[in-house]
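Colleague: I have a model open and would like to learn how to read it. Could you take me through some features, one at a time?

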Amino acid sequence: MATRKKSGGAAKSPAPTQRPAAKAAPKKSDPLFNQSVEKALAILEAFGEKGRALNLGEIAAATAMTKSSAQRCTHTLERLGYLHRDPQLKRWVLSPRSLSIANAYLTGHPLIESATTHLVDLNQATGESVSLSEPDDTDMVYIARFPSRKRFLIHMPVGHRLPMYCTAAGRAYLSALPQAEAHLILRRSVIRKFTPMTTTDPDRLLALIDAARKAGYAWGDQEAYRGDLTIGAAILGDDGRPVAAVNISGPTSRWSMEELRSKMSSVLLETARAASSGIASRLSDP
């Protein structure tokens with residue numbers, strides 16, 4: 001597993017992880033693959049990875065396009081309403097219309113619909129932030145979040161992604177997979193430090209996943225954000241395989257890792273079981 005050094009801060013989000021290429025599509029052997037669509041989506045995704053505002057050269061570099069190709073795609077996306085040029089920054093930015101794609105995904109999502117009541121109850125019972133995330137390649141993507149009403153400096157918007165290996169939600173998901181599948185995901189992950197606390201040793205990561213498998217939940221001590229303690233549990237589908245994870249986040253100003261685990265793990269597991277039951281019934285509805 002490759003290792004790259006990265007450090008994080010208490011109130012800052014870690015840099016977004018490298019988004020995987022879309023299934024590494026075999027372009028030459030796939031007559032239906034449309035490279036224009038690929039380029040347009042690459043431009044939209046570049047704003048999440050490289051910054052909120054980009055000029056044409058930055059867009060071309062981020063997407064490995066020529067400037068002329070990037071200009072044509074950017075112009076088309078502007079005409080369609082997904083990008084607009086900020087007159088003050090003199091750079092391209094995403095428009096509110098770009099959120100319509102995410103909204104279409106989240107609206108009527110069976111897991112969100114079935115789990116929301118349980119997640120709200122967990123949020124109120126613990127007084128801390130509660131999140132729901134789904135797997136995407138080697139990352140977990142946050143699809144719902146119920147923040148603490150108490151002071152908490154970490155911003156985790158819906159759609160944010162973090163690697164499985166350094167998050168409680170990700171380790172919980174990995175622990176519910178067959179060992180061979182979990183090991184394969186770890187081998188494909190780009191392992192790097194988000195904070196000085198991030199575990200990067202492969203053997204130690206496997207041990208933490210194994211410990212989560214035995215305990216029924218996983219934990220992370222300031223591994224993605226400084227000052228953030230988390231515990232997470234997998235949500236299972238009707239076939240017993242993990243489909244998502246729920247996690248509780250608490251700041252080091254209010255909790256120690258031992259206290260969070262001892263006082264919150266039981267209610268976390270109850271919520272995960274209730275959400276698992278709910279998603280199974282939703283997916284089985286005609």
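**Reading the model**

Modeller: At 1% relative accessibility, Ser131 counts as buried. Buried means under 20% relative accessible area, exposed means over 50%, and partly exposed lies in between (1.4 Å probe, protein chains only). This is a predicted model: local features need pLDDT of at least 70, side-chain atom pairs count only at pLDDT 80 or more, and totals for chains, interfaces and linings use all residues. Residues are numbered from 1 along each chain as its sequence is written, and side-chain values use heavy atoms, with hydrogens and water left out.

Colleague: In which strand is Ser131 found?

Modeller: Ser131 is found in strand β5. Helices (H or I, at least four residues) and strands (E, at least two) are DSSP runs, numbered from the N terminus. The chain has 9 helices and 11 strands.

Colleague: With which side chain does the side chain of Ser131 make a polar contact?

Modeller: First the term. A polar contact is a pair of N or O atoms within 3.5 Å; within protein, one must be able to donate a hydrogen and the other to accept it, and residues adjacent in sequence count only if both atoms are side-chain atoms. Here the partner of Ser131 is the side chain of Arg145, at 2.7 Å.

Colleague: Which residues does Ser131 touch, not counting residues up to four places away in sequence?

Modeller: Contact means heavy atoms within 4.5 Å. On that basis, Ser131 touches Tyr142, Ala144, Arg145, Ala245, Val246 and Asn247.

Colleague: And for the whole chain, what share of the residues is buried?

Modeller: Buried residues make up 44% of the 286 residues. Of the contacts with a separation of 6 or more, 61% come from residues 24 or more positions apart.

Colleague: Now salt bridges. How many does a search of the whole structure find?

Modeller: A salt bridge is a side-chain nitrogen of Lys or Arg within 4 Å of a carboxyl oxygen of Asp or Glu. The search finds 9. Take Arg254 and Glu128, whose side chains meet in one (2.8 Å, N to O). This pair links distant parts of the chain, 126 residues apart: Arg254 is in the loop between β11 (242-251) and α9 (257-284), and Glu128 is in the loop between α5 (110-126) and β5 (129-136).

Colleague: Which residue forms a salt bridge with Asp137?

Modeller: Arg188 does, with the closest N and O atoms 3.0 Å apart. Asp137 lies in the loop between β5 and β6 (139-146) and Arg188 in helix α7 (residues 179-188), so the pair ties together parts 51 residues apart in sequence. Asp137 is partly exposed at 34% relative accessible area, and Arg188 is partly exposed at 43%.

Colleague: What about Glu223 and Arg171?

Modeller: They form a salt bridge, with the closest N and O atoms 2.5 Å apart. Glu223 sits in the loop between β9 (218-221) and β10 (228-236) and Arg171 in helix α6, so parts 52 residues apart in sequence are tied together. Glu223 is buried at 6% relative accessible area, and Arg171 is buried at 2%.

Colleague: Which residues are linked in a network of salt bridges?

Modeller: Asp136, Asp139 and Arg161 are.

Colleague: Back to α6. At what angle do α6 and α8 pack?

Modeller: Axes are lines fitted to C-alpha atoms, for helices over the stretch in contact, and angles run from 0 to 180 degrees between N-to-C directions. Helix α6 (residues 168-175) and helix α8 (residues 202-215) pack at about 70°, with their axes 8 Å apart. That makes α6 roughly perpendicular to α8. Angles under 35 degrees count as roughly parallel, over 145 as roughly antiparallel, 65 to 115 as roughly perpendicular and the rest as oblique.

Colleague: Which residues make the contact?

Modeller: From α6 come Arg171, Leu174 and Ser175; from α8 come Leu205, Leu208, Ile209, Ala212 and Arg213.

Colleague: Where does Thr199 lie?

Modeller: Thr199 lies in the loop between β8 (191-192) and α8. Thr199 is buried, at 13% relative accessibility. Leaving aside neighbours within four places in sequence, its contacts include Arg171, Leu205, Leu208 and Glu223.
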